[in-house]
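Please open the model and keep it in view while you read. These notes go through it point by point.

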Amino acid sequence: MALTVAERPSVDQALDLAAAALRDAPEVSLACHVNPDPDALGSMFGLAGFLAARGTHVICSWGTKPLNPPRWMAALDGAGFLVQPDRFPSEPSLMVALDTASPDRLGVLQPNADRAGDVIVIDHHRTNPGFGSILVLDPAASSTAELVFRLVERMGGDLPDAAAASLYAGMITDTGRFQYEATTPETLRVAAELRRHPFDHARLAQALFEDNSLGYLRVLAVGLGRLVHVSEASLVWTYLTQEDLMRERAQISETDDLIDVLRTAREADVACVIKQQRDGRFKVSLRSRGGTDVGAIAQSFGGGGHRLASGYTSQTGVEETARLLIEAIGSRDGAVPDP
């Protein structure tokens with residue numbers, strides 16, 4: 001189902017194709033990437049709410065069993081569309097994959113996408129290889145939520161207030177509250193249109209940015225206490241283990257903002273947080289202040305993302321993961337060095 005670069009339509013053409021496919025579909029199955037962030041869930045719930053208001057039967061999920069929704073999801077009105085992955089249609093006639101940078105990011109729902117009649121992919125990750133029947137891929141977009149709003153505009157009709165709030169949540173988080181380089185005049189136009197809807201902006205922002213547990217704050221202290229500065233690589237990095245999380249009774253999903261604390265260090269261009277997952281592997285989150293293409297580095301390790309924000313999964317331990325990363329940052333072409 002993958003399209004070559006030459007075969008891909010323009011973003012505007014792809015949005016028109018997606019609008020035409022969704023306009024007359026009686027039923028649509030929506031999915032986002034595993035361990036979803038607010039852009040993934042906000043995009044999914046925003047589009048689901050819009051389609052449901054048009055009379056379309058919609059169902060939503062993501063490929064992690066069990067789902068274990070993050071706490072902040074309660075601020076988004078989408079739980080009514082959500083089902084466990086095993087209740088997701090096994091052969092959906094029309095499936096939409098949102099904010100999903102590669103097919104494997106669908107997790108256990110990847111086989112469902114393989115069997116689907118058509119798959120619309122809506123994404124803004126530059127490292128997306130291209131998959132699906134209709135690919136709406138715009139790396140210049142601030143967020144997938146921005147692309148969904150542009151799709152909604154093409155389809156026409158009313159956007160419910162709750163759906164607007166979900167899309168707004170995706171935009172404000174993926175732009176770092178409109179401070180990242182992907183924030184364009186178009187981004188601010190879309191945000192202004194969404195903000196015209198009467199949702200509780202202050203409550204939404206509090207749920208997304210100001211709702212930490214004491215356990216997370218203690219884990220944050222642990223991570224900052226382990227901070228390492230590698231001046232020759234212009235890198236600051238730290239790590240967290242499953243033991244750290246269990247000791248402080250914190251959820252790994254709560255630690256996503258740790259990387260944003262590290263990235264503020266003026267002494268380094270690249271920030272890295274290495275977090276042990278339940279299966280023992282290590283998730284590596286990378287951020288750059290502007291001088292390093294961490295997306296290319298992550299892609300070289302089998303991951304992906306954006307130029308200044310990316311990630312990948314490491315099969316090795318903490319020290320070896322850090323060593324390989326340091327060598328990759330130092331290599332001229334970003335290739336993975338031999339272990």
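Predicted model: local features only at pLDDT ≥ 70, side-chain atom pairs only at ≥ 80, totals over all residues.

1. Look at the parallel sheet. It is open and has 5 strands, in the order β2-β1-β3-β4-β5. The pairing is parallel. β2 (57-62) and β5 stand at the edges. Each has a single partner strand, so one side of each is left without a neighbour in the sheet. From one strand to the next, the twist averages 15°.

2. Strand β4 (residues 118-123) pairs with β5 in the parallel sense, over 4 bridges. I120 stands opposite I134 in β5. I122 has V136 in β5 as its bridge partner.

3. Helix α1 (residues 11-23) lies across β1 (27-32), β3 (94-98), β4 and β5. Its direction is at about 130° to β5. Helix α4 also packs on the sheet and touches β3, β4 and β5. The direction of α4 makes about 120° with that of β4.

4. α4 has a helix partner too. Two packed helices are described by the angle between their axes and the distance between the axes. Helix α4 (residues 144-155) and helix α5 (residues 161-174) pack at about 140°, with axes 7 Å apart. Angles over 145 degrees would count as roughly antiparallel, and this one falls in the oblique class. α4 and α5 are therefore oblique to each other.

5. Which residues make that helix contact? From α4 come A145, E146, V148 and F149. From α5 come L167, G170 and M171. The contact divides into 5 nonpolar residues, 1 polar and 1 charged.

6. Turn to the cores. In soluble globular proteins, nonpolar side chains tend to be buried together. Here the largest nonpolar core has 56 residues. L30, M44, L47 and I122 have the most contacts inside it. Take M44 as a case. Beyond its neighbours within four places in sequence, M44 is in contact with L30, A31, C32, C60, S61, W62, L82 and L98. Another core lies apart from the largest one. That other core has 21 residues, among them V230, W237, C272 and I329.

7. Now find the mixed sheet. It is open, with 6 strands in the order β6-β7-β8-β9-β11-β10. Its pairing is mixed. At the edges stand β6 (228-230) and β10 (304-305). Each has a single partner strand, so one side of each is left without a neighbour in the sheet. β6 and strand β7 (residues 235-240) run antiparallel, joined by 3 bridges. H229 has V236 in β7 as its bridge partner.

8. End with the helix on that sheet. Helix α12 (residues 318-330) lies across β6, β7, β8 (270-276), β9 (282-288) and β11 (309-314). It runs at about 160° to β7. S331 is found in the segment after α12. Is S331 buried or partly exposed? At 23% relative accessibility, S331 counts as partly exposed. S331 and I297 are 34 residues apart in sequence. In space, they are 9.9 Å apart, C-alpha to C-alpha.

Terms used
Residues numbered from 1 in each chain as written. Heavy atoms only, no water. Axes fitted to C-alpha atoms, helices over the stretch in contact; angles between N-to-C directions. Helix = DSSP H or I, 4+ residues; strand = E, 2+ residues; numbered from the N terminus. Parallel < 35°, antiparallel > 145°, perpendicular 65-115°, else oblique. Contact = heavy atoms within 4.5 Å. Nonpolar A, V, L, I, M, F, W, Y, C, P; charged D, E, K, R; others polar. Core = buried A, V, L, I, M, F, W, Y, C linked by side-chain atoms within 4.5 Å. Buried < 20%, exposed > 50% of the residue type's maximum accessible area, 1.4 Å probe, protein only. Pairing = 2+ DSSP bridges.
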